[in-house]
Number of protein chains: 2
Amino acid sequence: MTQTVSPSARQLPASAAVTDNDSAVVDVTALGEVLLGRWADIRRTARDLAGHDELHTPAGLSHHEHRDRVLKQLRYLVDAGAVHRAFPEYVGGQDNHGGNVAGFEELVMADPSLQIKAGVQWGLFGSAVMHLGNREHHEKWLPGIMSLEIPGCFAMTETGHGSDVASIATTATYEPETEEFILHTPFRAAWKDYIGNAALHGKAAVVFAHLITRGVDHGVHAFYVPLRGEDGNFLPGVGGEDDGVKGGLNGIDNGRLHFTHVRIPRTNLLNRYGDVAADGTYTSAIESPGRRFFTMIGTLVQGRVSLDGAAVAASKMALKTAIQYGVERRQFNASSDIREEVLLDYQQHQRRLLPRLATTYAAAFAHEELLQKFDDVFSGAHDTDEDRQDLETLAAGFKALSTWHALDTLQEAREACGGAGFLAENRLPLLRADLDIYATFEGDNTVLLQLVAKRLLADYANEFAGADFGVLARYVVGQATERTLVRSGLRQMVQTVADTGSEKKSAVALRDPKTQHDLLADRVSTMVAEVGGALREARRLPKEKAAAVFNENQHALIEAARAHTELLQWEAFTRGLERITDDGTRHVMTRLRDLFGLCLIEKNLAWYLMNGRLSAQRARTLGDYINRLLAKLRPHAVDLVDAFGYGPAQLRTSLASGEEKARQDEAMEYARLMRASGAAPLDEKILIQRRRQQERAAAKAKGRS
Amino acid sequence: MTQTVSPSARQLPASAAVTDNDSAVVDVTALGEVLLGRWADIRRTARDLAGHDELHTPAGLSHHEHRDRVLKQLRYLVDAGAVHRAFPEYVGGQDNHGGNVAGFEELVMADPSLQIKAGVQWGLFGSAVMHLGNREHHEKWLPGIMSLEIPGCFAMTETGHGSDVASIATTATYEPETEEFILHTPFRAAWKDYIGNAALHGKAAVVFAHLITRGVDHGVHAFYVPLRGEDGNFLPGVGGEDDGVKGGLNGIDNGRLHFTHVRIPRTNLLNRYGDVAADGTYTSAIESPGRRFFTMIGTLVQGRVSLDGAAVAASKMALKTAIQYGVERRQFNASSDIREEVLLDYQQHQRRLLPRLATTYAAAFAHEELLQKFDDVFSGAHDTDEDRQDLETLAAGFKALSTWHALDTLQEAREACGGAGFLAENRLPLLRADLDIYATFEGDNTVLLQLVAKRLLADYANEFAGADFGVLARYVVGQATERTLVRSGLRQMVQTVADTGSEKKSAVALRDPKTQHDLLADRVSTMVAEVGGALREARRLPKEKAAAVFNENQHALIEAARAHTELLQWEAFTRGLERITDDGTRHVMTRLRDLFGLCLIEKNLAWYLMNGRLSAQRARTLGDYINRLLAKLRPHAVDLVDAFGYGPAQLRTSLASGEEKARQDEAMEYARLMRASGAAPLDEKILIQRRRQQERAAAKAKGRS
């Protein structure tokens with residue numbers, strides 16, 4: 001349980017602060033094993049598969065060609081036995097939920113279009129049948145879904161409603177006379193939109209619609225709906241459009257769907273959480289319609305989990321590329337006339353890449369924990385309501401942060417490789433284009449952070465549930481006192497006195513893991529308490545005014561959710577250090593964790609200063625300390641990206657191939673030979689210097705004569 | 001002259017702080033005229049042209065088709081008389097440099113590939129002949145360049161050297177016997193790379209190479225080199241490769257070129273700044289090889305100027321799209337059960353879009369001043385060495401900031417439009433993909449900021465040039481005293497006392513333009529002085545150690561350059577306010593300027609706190625004040641993007657067309673009719689409420705009976 005607001009409740013491992021050891025060496029293989037995690041074998045198999053030529057896509061295909069190719073690639077995955085892991089054993093699966101996602105997310109290295117089209121087919125369409133349907137549904141449809149005999153759609157999003165799924169407008173009205181549901185799209189905004197497999201390949205769909213029976217709307221339910229006949233044409237009443245070319249993922253045929261009084265049998269309702277009897281009676285084991293809806297949606301969390309993993313994988317690829325290139329590429333000659341610096345020797349280049357490397361490791365450790373949690377819930381090992389809520393909150397927060405991080409990292413890596421980074425053959429801009437949509441699908445990231453925030457506020461409220469007025473008053477007084485302290489500047493003075501001493505001493509204090517944790521956790525709990533306090537007041541207001549108060553705190557709330565999720569990443573990184581047995585590796589990785597923590601603190605330094613958590617004096621040492629940390633990590637940068645374990649078959653970019661080094665070496669060797677043979681032309685500057693010397697000598701000689 | 005470090009030397013207009021006037025109305029037409037600036041007519045013509053169907057490119061073309069289409073579009077520009085403005089009158093031009101760029105940068109609205117291919121042909125290839133060649137060269141080649149009879153390349157960048165042009169390795173060795181230069185590529189890293197028009201269409205090139213004559217290397221010069229014969233094949237000794245598909249700009253045939261002992265006549269040297277006589281004697285009016293090189297390169301500043309303008313135009317397009325969509329799209333229902341909020345009513349949505357709108361205005365005003373300066377220099381109106389240096393520094397800084405800003409804004413706009421924002425038909429992701437490379441071509445942005453920093457340091461050094469030790473000592477003492485004050489916390493205490501009063505009072509102080517300017521300018525000069533001080537010390541060290549000191553300060557230096565350029569943008573925005581005559585418009589625009597300034601201060605708030613420039617108390621009011629400013633600007637958001645003056649022909653996205661509003665209105669009308677006719681199904685929640693009421697009533701009745 002990592003979701004509580006109170007920092008004291010969290011487990012903090014007792015890993016010691018780094019002591020200086022500049023001869024430390026990273027054991028790349030051992031670190032790679034730690035990163036591979038619990039499903040190492042499946043990851044290895046999936047990486048090998050992702051390296052197969054058949055699963056790669058040459059640049060420059062039209063979207064028509066790309067769509068065809070990816071459909072074929074899906075069949076290749078079926079033949080390779082790569083798509084069945086999550087499904088029940090009684091239809092030929094393995095009931096292995098965590099392993100399935102681990103394997104799936106590695107496919108991003110082959111082609112994100114392939115990954116996402118596979119995700120639509122087996123992760124969304126297939127999962128919906130599995131999680132929302134009954135065993136009859138499974139036996140009827142899952143074999144065809146697994147074999148790709150039935151390519152299908154997950155028809156949830158509507159043009160008029162994106163992340164607000166509860167507000168979709170498609171209806172499924174039950175007619176007892178015929179024992180059929182009548183599926184209907186009432187207006188243009190209710191068309192299903194951006195639906196993978198809808199434009200061309202989908203033969204069926206799981207359609208989300210409001211279930212109406214006996215004049216009552218029971219909320220959003222899922223229905224299995226045939227879309228196209230054997231001839232590939234839409235069935236009567238079904239219509240649609242092609243979404244056309246997109247900013248990326250053009251191997252997927254996204255499209256729109258609409259339904260005009262389309263009839264489906266009563267038994268096509270995926271009825272695990274709500275059912276309609278032949279006479280139209282509605283029944284559900286979950287009484288509250290709201291809770292029922294969130295339970296149904298919650299079963300589909302796997303999409304977010306796997307996007308988190310895919311985003312981490314793409315970030316790893318970007319950093320391996322840019323860092324390898326950064327130690328091969330020479331540019332400008334600051335310290336020598338004949339040998340230029342490699343890019344990664346420049347402080348600014350370190351600043352651009354190494355903090356992103358630290359964040360990638362943090363996100364990787366966090367993802368492994370998320371995957372574990374996901375498996376615990378879906379295997380039934382730990383499947384309480386609270387587990388499911390934790391899982392959902394973690395998936396929302398991590399997915400939001402890691403997908404944004406991947407976009408940022410791919411872009412920075414692209415720029416760090418200059419013009420070469422822009423070529424399709426080097427993949428960075430194409431990967432970035434494909435991953436762009438990860439920031440808003442499976443839940444818009446901003447909306448997801450609000451989901452995290454909602455949970456934080458609920459935890460906050462629980463602390464006061466049933467509390468008598470006295471407790472609350474003490475809390476409020478506590479808050480007020482702290483604010484007074486801050487406002488009066490007294491707290492700063494106290495810290496300033498405490499910080500007296502050398503700058504070095506301050507820096508040492510900031511690299512203590514407990515200090516980092518306290519600073520990060522304190523910020524989260526303070527921010528949540530501030531917003532929570534404001535919203536508590538608002539509860540007594542009329543709905544419209546309460547909404548206004550909420551809106552005035554929306555930005556702060558989202559920032560609190562971000563801070564909370566970053567803290568969880570920091571904790572996961574710190575726990576990850578414990579799994580590293582080799583001293584040298586742990587030493588370097590602890591520095592990297594410090595870099596992650598200190599960069600978070602640097603990013604929010606104003607908050608720490610304004611709120612009296614850091615003195616100005618200590619804060620002033622932070623930037624320089626980070627710069628020194630960068631210089632210390634610089635020699636290990638290549639080892640740290642090599643531990644990601646991607647080889648040429650997965651990377652497929654000349655930028656990480658050693659080609660640049662060969663070119664630079666050739667140029668240096670040429671210059672050396674020219675100088676040695678005396679064939680090098682004289683530089684005009686040297687000529688000018690010589691002439692001046694001669695003039696001075698002549699003037700001198702003239703003076704003497 | 002806006003380049004001085006000392007803030008006191010800058011002119012600050014006397015525009016007053018905003019007084020509250022919530023009924024202010026923006027005069028969209030008048031504001032649009034202010035934005036159109038000095039070359040309004042040319043901009044209008046160019047926007048009209050950019051709206052022509054012939055210049056648009058349907059999504060989904062292969063890069064082969066796209067390249068063909070863009071070549072045809074270039075011919076269309078020739079026929080439209082849109083490419084000649086900058087060239088000399090004696091070849092049919094207009095000698096209108098500023099107007100030419102103003103017209104050129106608007107073409108980004110048609111298709112960035114078209115803009116950049118036109119830029120390669122007339123802005124780089126043609127400009128190089130114009131600025132580096134003599135009248136004979138002009139009369140011989142410019143007519144064919146202007147008419148597109150000679151599509152050509154600007155062959156500067158080499159695979160092994162990007163932004164470090166002085167280190168290119170191609171050589172042009174003079175042979176007096178034949179009166180020819182022999183152009184040669186010594187190794188693979190010296191291939192010209194990423195060269196537009198090189199893969200297919202280029203018949204000639206301006207090639208940059210080291211000029212060697214009589215055994216002396218006179219540095220980089222430009223040569224006119226025929227590439228392909230009438231049959232389209234490379235001439236003997238010339239070779240190359242296609243760069244293939246790129247992350248964007250796929251309408252341009254970028255490629256590589258190499259030369260194996262290619263002979264060109266002596267007179268093909270573009271000899272304005274350096275010449276070789278028939279006997280091999282080298283002459284130049286500029287004695288210093290370094291200064292000569294920078295003078296030559298300096299004539300090509302127009303590329304950076306126009307990228308700055310194009311980036312601003314693309315940001316405007318993105319914001320018009322996202323803001324229009326933001327006031328039409330409804331999502332979630334925070335304040336009402338039957339009517340959802342439009343996106344832009346949410347505080348977070350305002351936080352995402354309105355500060356970027358403010359930055360776009362700042363960049364637009366800054367660009368107009370840059371263009372004016374560019375025209376002053378190239379028209380000869382103000383063309384001193386200092387003018388040229390100012391121009392180069394401004395172009396470097398503004399281009400870096402505005403191209404990054406455009407990428408950031410296009411991405412945020414894409415995300416703010418959700419899945420719809422990802423469709424090619426809505427252009428945002430394609431524009432972003434095309435503009436990606438703007439961040440590193442015509443000078444890598446990071447390198448450009450270092451160029452700005454170099455100038456800041458030179459200005460700083462000039463302040464001490466010839467200063468005796470006493471002056472310097474006093475300065476150092478001054479610095480030390482200030483640092484002591486900050487360190488001891490005394491300065492904060494002083495400010496804390498000064499800040500006593502209501503939070504409102506603090507906020508008012510921060511919106512005073514002089515306060516904003518002082519805070520921004522103080523940060524620049526302090527940062528430059530800090531780095532300057534460190535580097536001053538380093539000058540006495542051996543080269544390698546001095547380089548190490550420079551490297552340790554590189555990040556700080558780049559941040560200083562960024563801060564300086566942001567200050568210049570703020571000043572341009574503030575001067576821009578003076579050109580607005582309408583009270584209501586100036587009122588709203590002043591608020592927008594405040595938003596820009598305060599967001600800059602918020603971004604660097606830690607610096608202001610650490611350095612004792614703002615008290616914690618005042619700093620704590622900033623976030624809330626910005627949030628209130630956002631709410632006040634919200635009603636004017638559509639007017640502010642409409643003033644950009646782009647219509648449907650330029651925008652070409654359904655997201656800004658009113659289509660979303662029509663869809664949302666239809667949905668609301670449907671719901672209204674259903675309720676009115678009693679056809680709406682009952683919500684299950686209401687059913688549950690009713691049942692509970694009945695149960696309670698029954699229990700009550702039972703109790704009574």
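**View 1. The relation between the two chains.** In this predicted model, chain A is superposed on chain B, with an RMSD of 0.0 Å, by a rotation of 180° that has 0.0 Å of shift along its axis. That is the relation of a two-fold axis, and within chain A the C-alpha nearest this axis belongs to Ala606(A), which lies 2.0 Å from it.

**View 2. The residues of the contact.** Chain A brings 91 residues to the contact and chain B brings 92 residues. On the side of chain A that touches chain B, helix α17 (residues 543-552) gives the most, with six residues, and the residues of this side divide into 38 nonpolar, 31 polar and 22 charged. Because 100% of the interface residues of chain A are also interface residues in chain B, the copies meet through the same surface.

**View 3. Helix α9 of chain A with helix α18 of chain B.** The axes of α9(A), residues 347-378, and α18(B), residues 554-577, come within 7 Å and cross at roughly 85°, which makes α9(A) roughly perpendicular to α18(B). Here Gln347(A), Gln348(A) and Arg351(A) of α9(A) meet Gln554(B), His555(B) and Ile558(B) of α18(B), and by class this contact has one nonpolar, four polar and one charged residues.

View 4. Asp217(A) has Asp683(B) as its bridge partner in β12(B).

How values were computed:
Residues are numbered from 1 along each chain as its sequence is written. Chains are lettered from A and ligands numbered from 1 in the order in which they are written. This is a predicted model: local features need pLDDT of at least 70, side-chain atom pairs count only at pLDDT 80 or more; totals for chains, interfaces and linings use all residues. Copies are superposed by least squares on the C-alpha atoms of residues with pLDDT of at least 70 in both. Two residues are in contact if their C-beta atoms, placed from the backbone, lie within 7 Å. Axes are lines fitted to C-alpha atoms, for helices over the stretch in contact, and angles run from 0 to 180 degrees between N-to-C directions. Helices (H or I, at least four residues) and strands (E, at least two) are DSSP runs, numbered from the N terminus. Angles under 35 degrees count as roughly parallel, over 145 as roughly antiparallel, 65 to 115 as roughly perpendicular and the rest as oblique. Ala, Val, Leu, Ile, Met, Phe, Trp, Tyr, Cys and Pro count as nonpolar, Asp, Glu, Lys and Arg as charged, and the others, Gly among them, as polar. Two strands pair if DSSP finds at least two bridges between them.
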